[in-house]
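Here is a short briefing to read with the model open beside you.

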Amino acid sequence: MQTNKITSLIQPFAQQFDLSEGVMCDPRERIVRRASDMRGYYVDGDALEALIAARQDPPHYETFECAVPEEPGQVKYCISKLYPGTVGDECFMTKGHYHAVLATGEVYLCLRGQGLMMMKTAAGRWAAEPLSRNRMVYVPPHWAHRSINTGNEPLISFCVYPAEAGHNYGDIATEGFPRRVFIRQGKEVIE
Ligand SMILES: [Fe+2]
């Protein structure tokens with residue numbers, strides 16, 4: 001029998017969720033990104049500063065990370081919870097990232113809310129897929145991805161990806177995405 005030296009033999013386990021609230025119980029890590037963490041990401045920086053000042057730097061999105069080792073063969077999963085709102089008229093969004101190991105994909109199963117998964121390649125191709133309850137988006141390897149909340153309630157997704165994928169936030173912070181999403185006169189606008 002072949003053994004893989006870099007994939008640990010760990011104990012099977014189970015975990016509790018509250019899927020309507022978008023909460024993973026006992027996560028390894030719960031990351032809260034606040035409005036102030038989003039400086040530089042929105043077109044209207046003044047509107048973001050006004051939001052930070054008016055609402056005491058509110059949580060913008062949260063991710064719940066599982067405790068699976070980041071080794072080939074393991075499967076990681078997370079919960080992403082993005083609050084609703086706009087900065088100026090631009091919809092709340094996550095920072096977005098490439099995977100550090102580019103040749104790894106990801107599955108996003110939307111549990112609640114309305115939004116878009118915005119994706120791009122390093123060569124500038126882009127795609128946007130609607131996210132809503134009961135809808136899954138497949139993010140292929142090589143595509144950076146960001147979720148965008150176009151609705152009035154939290155946008156909650158359950159995500160699954162190869163454990164070795166890692167996150168690369170730096171490149172997308174520099175490049176940005178080629179399209180942004182706004183709500184104008186009650187309508188979603190991608191431009
Ligand atoms: Fe990802």
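Let's start with Phe158, which is partly exposed at 24% relative accessibility (buried means under 20% relative accessible area, exposed over 50%, and partly exposed in between, with a 1.4 Å probe and protein chains only). Ring pairs join Phe158 with Phe17 and Tyr77 in a cluster. Please keep in mind that this is a predicted model, in which local features need pLDDT of at least 70, side-chain atom pairs count only at pLDDT 80 or more, and totals for chains, interfaces and linings use all residues. Residues are numbered from 1 along each chain as its sequence is written, and side-chain values use heavy atoms, with hydrogens and water left out.

**The aromatic cluster**

- The structure has three aromatic pairs; rings of Phe, Tyr and Trp (its six-membered ring) pair if their centres lie within 6.5 Å, and planes under 30 degrees apart count as stacked, over 60 as edge-to-face and the rest as tilted.
- One of them is the edge-to-face pair of Phe17 and Phe158, with 5.7 Å from centre to centre and 90° between the planes.
- Phe17 belongs to strand β1 (residues 17–18) and Phe158 to strand β13 (residues 155–162), so this pair ties together parts 141 residues apart in sequence; strands are DSSP runs (E, at least two residues), numbered from the N terminus.
- Phe17 is partly exposed, at a relative accessible area of 25%.
- Tyr77 and Phe158 form a tilted pair, because their ring centres are 6.0 Å apart and their planes meet at 40°.
- Tyr77 lies in strand β5 (residues 75–82) and Phe158 in strand β13, so their pair ties together parts 81 residues apart in sequence.
- Tyr77 itself is buried, at 13% relative accessibility.

**Charges over rings**

- The charged end of Arg33 sits over the ring of Tyr169, 5.3 Å from its centre; the criterion is NZ of Lys or CZ of Arg within 6 Å of the ring centre and within 35 degrees of the ring normal.
- Arg184 lies over the face of Phe182, 4.3 Å from the ring centre.

**A three-stranded sheet**

- An open sheet is formed by three strands in the order β10-β9-β12, with antiparallel pairing; two strands pair if DSSP finds at least two bridges between them.
- β10 (126–132) and β12 (144–149) are at the edges with a single partner strand each, so one side of each has no neighbour in the sheet.
- Strand β9 (residues 114–120) runs antiparallel to β12, and six bridges join them.
- Met119 has His145 in β12 as its bridge partner.

Terms used:
Helices (H or I, at least four residues) and strands (E, at least two) are DSSP runs, numbered from the N terminus.
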